[in-house]
Amino acid sequence: MKKVCSLLAFVLCTIFVSSCEDFMDIHKEYIEGGEIIYAPKPDSVAFIAGKERILFFCRVYNAPNVKSVELSWNGGADSLSVPVSFNSSYDSISVVLENLEEKSYTFEVRLVDNFGHSSLTVTDFGTAYGNNYQASLMGRRIKDVSLTDKGATIGWYSAAEGLLANEVKYVRKDGTEEIVRTSSSDFATFCPDAKPGENFEFRSLFIPEAESIDTFYVAWHEYDEAFPDEYVFDRTGWSVLEVSDETASDGGGMNTLLDGDLSTFWHSKYDDGNVALPHWAVIDMLLPRQMSRIELFRRQGSTDTKSAEVFVNDKPDASDPGWLKIARGEFGDGDKLTLVLREPEIAMKGRYLKIVLPESNREPFTNLAEVYVYGR
């Protein structure tokens, strides 16, 4: 029995030794000359798009012995060796590859140390953009333009892919030129102190990829229409000080005259007895205004309010005898009454505006939804 076990052990050892020799034969050609030593491999690389150029970024860790970063592209036809001196912790370099044809590239990156050892190759991709991309760009379209005494507001349609920002070049009231920029995420550009009646130009700025090192500009384009030659006063801070009477439960009451919502309104009193005409409201404009026209809106779908008169005064008291009439008119078939002031300088005589409703098509009821004041 012992002889059988010994014979079996001998056979197994012979087979094992033979297998090991065969295994070593497979690897023999790779280990001849000794063990292969590699330089540290890049921790990360990036190729960031630009205009006929690409920014190469390389980050390494614990590579103080590395002496150069080797780049190649176009199948090895083009290359660049960048001398470096890294520290022993995290470190990085960035290099701009200039004068590149507009196309996508495949890059190979290696690190070489002081002993000539090369790292394993890292492959990454990048794109250079140029005239073809520039020609494909179309500026963002303007949706609308409005003007107040504080400035102009330009509304935009949705932004195209790659849009970075919009710029508007315009003339201020003092005659100086101004350029304002807004992000692509904004749907409006405000132009402070814009001069009424002046033309303006605009353009769009694009980047082909996130973090692109270059911005592409669409050429300046003059908008088809100038800023309006008449502006609406910004009513921020304005207030309705007093009304003759009201039924606030119907429409919302006197403060709705300045809320910018035509579906809300001030209605004369009827819930506790009808109050006789005329009805009136006093508005504080904060300071005297050189008005060119006034727009009054009555309740939507209601023809109760027939006529309106507008007065100004430097005192807020509704009963003060110093109120000066500056306009009068009658509503037509619609809800809007436009009162044009032929002598705007007269309107400068007071900061307080008094709207009087002296007549009704359904006496004594009147209503008013909104008051807008314009100037030049």
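Predicted model: local features only at pLDDT ≥ 70, side-chain atom pairs only at ≥ 80, totals over all residues.
At 33% relative accessibility, asparagine 74 counts as partly exposed, and its phi is near 55 degrees, a positive value in a residue other than glycine. The secondary structure comprises two helices and 26 strands. The radius of gyration is 40 Å, well over the 21 Å from the globule rule, so the chain is more spread out than a compact globule.

**Overall form and surface**
- Taken along the principal axes, the box filled by the C-alpha atoms is roughly 135 × 65 × 35 Å.
- Among contacts with a separation of 6 or more, 67% are between residues 24 or more positions apart.
- About 20500 Å² of the chain is accessible surface, and carbon and sulfur atoms hold 50% of that surface.
- There are 37 positive and 60 negative side chains, with the centres of the two sets 2 Å apart.

**Backbone exceptions**
- Most residues other than glycine have a negative phi, and most peptide bonds are trans.
- Asparagine 74, with its positive phi, is in the loop between strand 3 (66-73) and strand 4 (78-83).
- Leucine 286 also has a positive phi, of about 80 degrees, although it is not a glycine.
- The loop between strand 19 and strand 20 holds leucine 286, which counts as partly exposed at 38% relative accessibility.
- Leucine 277 and proline 278 are joined by a cis peptide bond, with omega near 0 degrees; proline 278 lies in the loop between strand 18 (266-267) and strand 19 (279-284).
- The bond from glutamate 363 to proline 364 is cis as well, with omega about 10 degrees; proline 364 sits in the loop between strand 24 (352-357) and strand 25 (367-368).

**Threonine 305**
- Threonine 305 is located in the loop between strand 20 (291-297) and strand 21 (307-313).
- Its relative accessible area is 0%, under the 20% cut-off, so threonine 305 is buried.
- A polar atom of the threonine 305 side chain lies 2.5 Å from the backbone oxygen of asparagine 367.
- Beyond four places in sequence, the residues in contact with threonine 305 include Arg298, Phe331, Leu357, Glu359 and Phe365.

**Tryptophan 323**
- The loop between strand 21 and strand 22 (324-330) contains tryptophan 323.
- Tryptophan 323 counts as buried because its relative accessibility is 12%, under the 20% cut-off.
- A polar atom of the tryptophan 323 side chain is 2.8 Å from the backbone oxygen of aspartate 317, and the backbone oxygen of alanine 318 is 3.4 Å from a polar atom of that side chain.
- Its contacts beyond four places in sequence include Val282, Phe311, Pro316, Tyr352 and Leu353.
- Glycine 350 is 27 residues from tryptophan 323 in sequence, and their C-alpha atoms are 8.8 Å apart.

**Leucine 296**
- Leucine 296 is part of strand 20 and counts as buried, at 0% relative accessibility.
- Leaving aside residues up to four places away, leucine 296 touches Ala308, Phe331, Leu337, Leu339, Ile355, Leu368 and Val371, among others.
- Glutamate 370 is also one of the residues touched by leucine 296; the two are 74 residues apart along the chain, with their C-alpha atoms separated by 5.9 Å.
- Phe331 is in contact with leucine 296 and with threonine 305.

How values were computed. Residues numbered from 1 in each chain as written. Heavy atoms only, no water. Helix = DSSP H or I, 4+ residues; strand = E, 2+ residues; numbered from the N terminus. Buried < 20%, exposed > 50% of the residue type's maximum accessible area, 1.4 Å probe, protein only. Polar contact = N/O pair within 3.5 Å; in protein donor to acceptor, adjacent residues only side chain to side chain. Contact = heavy atoms within 4.5 Å. Rg over C-alpha atoms; globule rule 2.2 N^0.38 Å. Areas by Shrake-Rupley, 256 points an atom, 1.4 Å probe, with all protein chains shown as cover. Lys, Arg positive; Asp, Glu negative; His and termini not counted. Charge placed at Lys NZ, Arg CZ, Asp CG, Glu CD.
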